[in-house]
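Have the coordinates open while reading.

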Amino acid sequence: MALNLRQKQTECIIRMLNLNQPVNSTGTANEEVYKILIYDKFCQNILSPLIHVKDLRKHGVTLYFLIDKDRKPVHDVPAVYFVQPSQPNIHRIITDASRGLYDSLHLNFSSSIPRPLLEDLASGTLGSDSINRIAKVHDQYLEFVTLEDTLFSLAQKASYVQLNDPSAGDKEIEEIVEKIVSGLFCVLATLAVVPVIRCPRGGPAEMVASALDQKLRDHLLAKNNLFSEGGNFMSSFQRPILCLFDRNFELAVGIQHDFRYCPLVHDVLGLKLNRLTVQGEKGGMRSYELDSSDPFWLTNGSIEFPGVAMEIESQLNKYKKDVDEVNRRTGGADGQSEFEGTDLIGNTKHLMNAVNSLPELTERKQVIDKHTNIATVLLGEIKERSLDSYAKMENDMMIRGGIDRSELMSVLKGKGSKMDKLRFAIIYLISSETINPQEVELVESALKESEVDPCAFQYVKKIKSLNVQLASANSASRSNIVDWAEKLYGQSLSAVTAGVKNLLSSDRQLALTRTVEALMEGKPNPEIDNYLVLDPRAPKSSSGGGGLKGPFKEAIVFMVGGGNYVEYGGLQELAQRQQPVKHIVYGTTEILTGAEFVDQLTLLGQKMGLGVSSANPPAPAQ
Amino acid sequence: MSAALGKTSYRDRTPEFLSVAERLKKSISSGSNADVSSSSSGKPDGTRSAVAVQSEFNKRASKIGFGIHQTSQKLSKLAKLAKRTSVFDDPTMEIQELTAVIKQDITALNAAVVDLQLVCNSQNESGNISTDTTTHSTTVVDNLKNRLMGATKEFKEVLTMRTENLKVHENRRQLFSSSASKDAANPFVRQRPLASRSTASASPAPPPPWANGSASSSSSQLFPSRQSDVESQPLLPQQHQQRQQQQQQQQQMVPLQDSYMQSRAEALHNVESTIHELSSIFTQLATMVSQQGELAIRIDENMDDTLTNVEGAQGQLVRYLNSISSNRWLMIKIFFVLVVFLMIFLFFVA
């Protein structure tokens, strides 16, 4: 069973639209009942990447509204509510019920509605004597946003800041952990799996893991749980593994510039909920949708930008060729000599074929146009900010573990927006193994010259000085020989070996990818051996049996604190590389661009008191 | 419920909700039993008629929907029958019956949808129902129209497929029958391809097209079995007899005339089929153009947010306009200003 989260969530939503009656095999049951759909802002974000208006109509939904909008009565029609269980929503529902806007209300809450709110709802509707309008109340466990088949996000803002906030109290941290756990629980309930949980020790990941484990245990003990019974004979071979990580595990990925198509579009142009708004070629903003129904996006999302441009060219040429062929066959371009009497049938047949292929051709053209537009805008941005050089140099830095001072200065004084320079500086900080105070001073002064707010930079410096493990990536991406050579011959050789390394490992593998690979294989590995193992199905006293560590075919990877498309791409690559092909679902609390993440770091820096005007930067405590 | 099915991912809280409601009701009613009678859930009379009209609309809509569903089921049966390509075992009777029934259904549904549209329009014009209801009704009618159009298109496709199959039958029959003499292609023999069926009008029984204008004599044995197909063309049996007589009588002259007639018939046939195919192309284009409407709209793409904001802004502006244009407030303000001046005047002078 391949974990296709998007499909499962769409099925759940369709079932909900069918008033929670089972959908029969044709998938169009109960079309005769026309209903109205009402959602709130969060659930709108859940629904919009999954269902278009066309599908809504297919399932009998005629009107769709936000719950806060002023709605008029539509008598004699059932209304399906899909909202979060919160106090204002409950009030709105009570108002709607008492005003008698709709015939019957089917309430679906995106996560479990707590008991006090349920009682509120009951008392409110009893008070206005409209309780008979409420037909059903359901908990849908759908409180997450699925962007692609194997990518989801919990859409919880600023979780990194809240978790790492030095002034946060225990209660606040617990609240956040609780929210994350409930989101993860919804994901697991929708997939109907109880995975084996593994996470590194210490940090928010462990907190989330133990809380989730507890919640799953409690839930499984209850009478009617949401997961299929009979999990006893299911060996670990069939259960997926849930790997929880914290953003601090690999900070660089969230910040650095990447040059592949998908991360570029997200980072530079701002892709939100699979939707993109760019400046069109003839002026005016155009908005496009980029998801798995776009064949070009699907195949070319993970190749580097120059390759994308070439692909667009080749597709355009192919399209032109096809159009010319169609024209030729139907005698459009050529002379009229083709129109003989006997050829008439042939011609009309060709004409019919041409007309039949028209929709497909127009669609192809639309896709090509869309990507041409996006690529043009991207190219403009890249040229202006010289993003390609940023990406390349950051990659080099992470692999080599350091950078030439002159190169560093030239970049900081060169092209690029302030955010770009800040990100570059932070990557420099993360990648260099030892902090050279003079270089750091130089960097800071360069940043000040360019009027960049170095708050985030100082925050990272502080973190690094507290020896939190940030750059586990570069340490292991070198092969053993080179390591040994380094130790023996020192820095002078590193320049030579850098070139060699570049030849050997053209693609730096993310620490996350390596760890997930190791976890999925289950062989003893020094990196992961001290990771926690939690199995909600096993009784508390048993020690993790051998079966639990066996090779897993499927994995769910969750990053607490913010993830992005680079990690997603890396994991998908890993999944495809394996023999046989495995499935990895990637999720995070929210999908952040580099700029947004650095903003969060800035916020943290400010909370720590490392303001812009700090004249004496704290000396690194070695 | 969930444990038995095992794979559901939602939980029904309705029983819990109802029990909570019961409990609260008991506690409320034990406290005060005067409130229960005062709260009347009866809708005011004005809306009762609106509700009646609305439910009439709904009933009709659901009946039409159900009819369309049944028609599409029959269509799938017809498609299965038409696909069966065996030369000798042709279920023509069933196919024709089914075709006739489906055609009747579609015309009836068409009329019903038009009716419903009228009801919807009259309802929209007659006052006191909300804008949302009108949108809802129009959307329902549009939806039904689309579905009916889809069913009709399917019908047309099934019939075209049936024509193709019959052509294939004819060709095969020709192959198997090894007669050298070709029959005179009677130019009176109208070769009506099935593509002539348009959505609203159709002749009840599709006559099998005579492939390429020539029928071998051995296939004449099959003519009697096909007599039933050509009841709409009473001319044909006579023409067959004629043809056979002609054959016997005009053996010599036949070859020459044959080829001429044959080619002319062929040409006619070609032209006719071309015209029909062109018409189908045009209708297809027209539907394609008109279907560009709701192809890929996302839920959050509508301007609802901006609309609510604009509405709110407009409301505020209107209120402000009212406040500054109402005379009463203006007078009071002027009065106040005068009083203040008077006071200052008195203060400083006196």
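A:P580 sits in a loop of chain A, between α23 (565-577) and β14 (583-588). Helices (H or I, at least four residues) and strands (E, at least two) are DSSP runs numbered from the N terminus. The peptide bond joining A:Q579 and A:P580 is cis, with omega about -5°. Most peptide bonds are trans, and most residues other than glycine have a negative phi.

This is a predicted model: local features need pLDDT of at least 70, side-chain atom pairs count only at pLDDT 80 or more, and totals for chains, interfaces and linings use all residues. Residues are numbered from 1 along each chain as its sequence is written, chains are lettered from A and ligands numbered from 1 in the order in which they are written, and side-chain values use heavy atoms, leaving out hydrogens and water.

**Positive phi in loops**

A:A192 is not a glycine, yet its phi is positive, about 60°. A:A192 belongs to the loop between α7 (170-191) and β8 (196-199) of chain A. Its relative accessibility is 16%, so A:A192 counts as buried. Buried means under 20% relative accessible area, exposed over 50%, and partly exposed in between (1.4 Å probe, protein chains only).

A:N274 is not a glycine either, and has a positive phi of about 65°. The loop between α10 (261-269) and β10 (275-279) of chain A holds A:N274. A:N274 is buried, at 0% relative accessible area.

**Helix α22 of chain A**

How many of the 11 residues of helix α22 (residues 511-521) of chain A are buried? The count is 9, and the helix is mostly covered. Among the buried residues are A:A511, A:L512, A:R514 and A:M520. A:G522 follows α22(A), with a positive phi near 80°.

A:V516 lies in this helix. A:V516 is buried, with a relative accessible area of 0%. Leaving aside residues up to four places away in sequence, A:V516 touches A:F245, A:V557, A:L571, A:L574 and A:I584. Contact here means heavy atoms within 4.5 Å. A:V516 and A:M397 are 119 residues apart along the chain, and their C-alpha atoms are separated by 24 Å.

**A:I382 in helix α13**

Helix α13 (residues 344-385) of chain A contains A:I382. A:I382 is buried, at 6% relative accessible area. It touches A:F259, A:L264, A:F305, A:L387 and A:D388, not counting residues up to four places away in sequence. A:I382 and A:L216 are 166 residues apart in sequence and 47 Å apart in space, C-alpha to C-alpha.

**Helix packing around α16 of chain A**

Axes are lines fitted to C-alpha atoms, for helices over the stretch in contact, and angles run from 0 to 180 degrees between N-to-C directions. The axes of helix α14 (residues 387-400) and helix α16 (residues 418-431) of chain A come within 9 Å and cross at roughly 10°. That makes α14(A) roughly parallel to α16(A). Angles under 35 degrees count as roughly parallel, over 145 as roughly antiparallel, 65 to 115 as roughly perpendicular and the rest as oblique. On the α14(A) side, the contact includes A:L387, A:Y390 and A:M393; on the α16(A) side, it includes A:F424, A:I427 and A:Y428. The residues of this contact divide into 8 nonpolar, 1 polar and 4 charged. Ala, Val, Leu, Ile, Met, Phe, Trp, Tyr, Cys and Pro count as nonpolar, Asp, Glu, Lys and Arg as charged, and the others, Gly among them, as polar.

α16(A) also meets helix α17 (residues 437-449) of chain A: the axes come within 11 Å and cross at roughly 170°. That makes α16(A) roughly antiparallel to α17(A). A:K421, A:L422, A:A425, A:Y428 and A:L429 of α16(A) contact A:E439, A:V440, A:V443 and A:L447 of α17(A). This contact has 7 nonpolar, no polar and 2 charged residues.

**The two chains**

Chain A has 24 helices and 14 strands. Chain B has 11 helices and 1 strand.

The UniProt annotation "transmembrane region" (unreviewed entry) covers residues 329-349 of chain B. UniProt positions follow the numbering used here, feature names are shortened, and annotations may be inferred rather than shown by experiment. The span is 100% helix and 0% strand, with its end C-alpha atoms 30 Å apart.
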